[in-house]
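Please open the structure in a viewer and keep the selection panel at hand.

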Amino acid sequence: MRTAILTVASTAGALALLVAAPARAADFRFTPSIILGEEYNDNLFQSPRAQKTDFVTRVQPNLALSARGGGFKTDLSYGLDYRYYAKNSRTYELDHRASMNGGFVFFDDFLHLDLSDTYSRVSSNVARDVVNESLVVNQTLQNNAQISPYLSWHLPGDSTLKTGYRYRDTRYWSGTGIDKTEHDGYAEWSRELSQGLVLSAAYSFAHVASSTDALDRQEVYAGLRYDYGTGNFLYGKFGYDWQSFDSGVNSSDPFWDVGAGRDFGVLTAAVGTKVQYTEDPQTLSTRNVSHYATLSRAFARGFASFNASYSKYEKEQVLVRDVQRKVLLGLSGRYDLRDGVALSLNLSGDRLDGDLVGERPYHLVGGAGLDWALSSQAVLGTNYTHISYRNHLDSAADSVEVNRVIVELRLTR
């Protein structure tokens, strides 16, 4: 953990030195905040038997700094998460959270430098994000640092060429995870054929390495995007990738990213399908194929949305083949009861199947929350969530049932 904190601190320090030169021309904003909360959880470790009930006191101070101008932009934040377990189910815990994003422009928008670093908790299983539903189960600490210098070439005919290099370093602490480094060179070309219609093409080569194996990945694609009004778009990107592992395994697959969105006035809809390589603590390379659809509607005093998705996670270059498939349905909404008082509701359910999942396939979540703005700088919030993991949708036999109640005061300067 100490190494992770030093990594974020050193990256932020380097950014601060770069910021110092054009500081006089920049606009700075400093925002301190703190969350004081109490949680009741009747199954802290999400066990089907021998449930452990506890009250968790949390104190979460945070400092944020943003700056714009003088050829750069940056956002920095650092926070602590202190947790005290009243019934001693765990000793007290102190987590650190940090993030940094910075961008610099030199020589009249020709040379760019992007820097980023995040240190936070992530789920051990990439197919199920449990960070927002549990404080302790199936999580690990991740530090992801990236540096990317690139050149932006403005070519004749309303076309641009972006050529650059990315270095990424991903490390895990206090849990399982495969540390990785990645070197990536790329070229991306785009041309505006007419207003709202853009043609693009790209090629990239990446070398990803860990302590146990390494791979080379090449990707090439061509795409077209058309924006024809606010909330109305259509795009498609099609390509091919090749992977070669040092252990001798080779693969080649098509990939795509296709989507469309339309604002019908009464409803806003979006559909899409895409293939991407997802950062996975458990593997060097995980191919994610997803199909999704969303419907949303804005009201005078709130909004409602529905989303559905199907995802397939193919864990490549593992000793035993592991493919996970997940179907998810979700509903969410928010309604302003009056000025400063808002009610939120959410329902979701997913089914996860796979060769080596080892988990209950059904995951159901329902929750309701109420936020009351005491002032422009203070919000009192309360939330109730019920979580259920089941072997069969219509039976609670041998299921995991969790009830969480959270009350917190959020203060911002």
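Predicted model: local features only at pLDDT ≥ 70, side-chain atom pairs only at ≥ 80, totals over all residues.

Along the principal axes, the C-alpha atoms fill a box of roughly 65 × 55 × 50 Å.

Of the 413 residues, 38% are buried.

**The largest nonpolar core**

Select Ala26, Ala67, Phe72, Met100, Phe104, Leu113 and Leu115; these seven residues form the largest nonpolar core. Two elements, β4 (93-106) and β5 (111-123), each give two or more residues to this core. In soluble globular proteins, nonpolar side chains tend to be buried together.

Remain with β4 and β5, and select phenylalanine 107 in the loop between them. Is this residue buried or exposed? Phenylalanine 107 counts as exposed because its relative accessibility is 65%, the cut-off being over 50%. Its phi is positive, about 55°, although the residue is not a glycine.

Now move to the loop between β1 (27-41) and β2 (54-69), where alanine 50 is found. Alanine 50 also has a positive phi of about 55° without being a glycine, and with a relative accessible area of 73% it is exposed. Most residues other than glycine have a negative phi.

**Salt bridges**

The salt bridges in the model number 27. Select aspartate 95 and arginine 83, whose side chains meet in one of them, at 3.4 Å from N to O. Aspartate 95 belongs to strand β4 and arginine 83 to strand β3 (residues 72-85), so that the pair, twelve residues apart, links distant parts of the chain. Aspartate 95 is buried at a relative accessible area of 7%, and arginine 83 is buried at 2%.

Proceed to lysine 315 and aspartate 280, which form a salt bridge with their closest N and O atoms 2.5 Å apart. Lysine 315 lies in strand β15 (residues 302-316), while aspartate 280 lies in the loop between β13 (268-277) and β14; the pair therefore ties together parts that are 35 residues apart in sequence. Both lysine 315 and aspartate 280 are buried.

To view a network, select Arg58, Asp81, Arg83, Arg90, Glu93, Asp95, Arg97 and Arg121, which are joined by salt bridges that share partners.

A further pair to select is aspartate 169 and arginine 171, with 2.9 Å between the closest N and O atoms of their salt bridge. Aspartate 169 is buried at 11% relative accessibility, whereas arginine 171 is partly exposed at 36%.

Leucine 295 is located in strand β14 (residues 285-299) and is partly exposed, with a relative accessible area of 38%.

Finally, select serine 296, likewise in strand β14. Which residues does serine 296 touch, not counting those up to four places away in sequence? They are Leu267, Thr268, Ala304 and Ser305. Serine 296 is partly exposed at 29% relative accessibility.

Note on methods: Residues numbered from 1 in each chain as written. Heavy atoms only, no water. Helix = DSSP H or I, 4+ residues; strand = E, 2+ residues; numbered from the N terminus. Buried < 20%, exposed > 50% of the residue type's maximum accessible area, 1.4 Å probe, protein only. Core = buried A, V, L, I, M, F, W, Y, C linked by side-chain atoms within 4.5 Å. Contact = heavy atoms within 4.5 Å. Salt bridge = Lys/Arg side-chain N within 4 Å of Asp/Glu carboxyl O.
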